[in-house]
Amino acid sequence: MRSWWSKLLGDSSASCWFCQSPRPRVIGNPIWEQLCAGCTEKRKILAYPQCKICGKPNSIDDSFCYDCLRTPEFERVVNMSCVEYNHWARLVVQQWKYRGDERLSRPMGLWMASLIKQHFLHRDRFLITYVPCHRKRVYERGFDQAKQLAHIIGAQLHVPVVDLLVREIYQDQPQSKRSRDQRLQALVGTFSYQGKQLDSIGQSVLLVDDVYTTGSTVRECAKLLRKAHFHPVACTFARANSEYV
């Protein structure tokens, strides 16, 4: 009986979904409330107003940020992100992506699924795809991080996940180390489309990735999806602000 009441009312035996520190256990809480006090304090929900396109916090109003204003309208991709890419989010992504802590895929994916449910699930004929890693990078890390997020999101929302893109070019230097212009140049020809047998006309597709920095990767992938007659939108776990771009 004591065990049953403990599960119902909460106890100190639960662990933070991100750092494994003890936290109160409460049944039914959304993922962002299943964090310890330390992670709750450090993680930063994106502030409003935001850019209507990329989700970047905007100090003026909720219209367009400078980057989206200078991007041609036909290349813009609506993006939603869970948190700002601050020091906490950066450590989470590094632990997951570069140190192989695949356990973090689940809380990140569930958090993203909750956000997608709020903003995108009203669209008809909805599919999920992702920004793929190069096969050499998958071998080095042991998993394709965006693909893993996409499948967690798809399972949570009961939406099919389809492999639509392939990364053709292996890049030794991460995009995060490049300037905006260098990123744009480095991405030319990086991806190709492989979903040739799909009836994509009028189909919305959600493009999943881990971090949105300048948006160059998302836009490059979206170009290929649009050529295949998809209507792309994007969701990332974190949205970089100027400090980490």
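Reader: What makes Thr129 buried or exposed in this model?
Author: The relative accessible area of Thr129 is 0%, and buried means under 20%, exposed over 50%, partly exposed in between, with a 1.4 Å probe and protein chains only. Thr129 is therefore buried. The model is predicted: local features need pLDDT of at least 70, side-chain atom pairs count only at pLDDT 80 or more, and totals for chains, interfaces and linings use all residues. Residues are numbered from 1 along each chain as its sequence is written, and side-chain values use heavy atoms, without hydrogens and water.

Reader: Which residues does Thr129 touch?
Author: Leaving out residues up to four places away in sequence, the contacts of Thr129 include Ala150, Val162, Asp163, Val205 and Leu225. Contact means heavy atoms within 4.5 Å.

Reader: Why is the pair of Trp111 and Phe237 called edge-to-face?
Author: Rings of Phe, Tyr and Trp (its six-membered ring) pair if their centres lie within 6.5 Å; planes under 30 degrees apart count as stacked, over 60 as edge-to-face and the rest as tilted. For Trp111 and Phe237 the centres are 5.9 Å apart and the planes 75° apart, which makes the pair edge-to-face.

Reader: What are the relative accessible areas of Trp111 and Phe237?
Author: Trp111 has 4% and is buried; Phe237 has 0% and is buried.

Reader: Which residues form one aromatic cluster with Trp111 and Phe237?
Author: Phe18 and Trp88 belong to that cluster.

Reader: How do you know that the charged end of Arg76 sits over the ring of Phe64?
Author: The criterion is NZ of Lys or CZ of Arg within 6 Å of the ring centre and within 35 degrees of the ring normal. The charged end of Arg76 is 5.0 Å from the ring centre of Phe64 and is listed as sitting over that ring.
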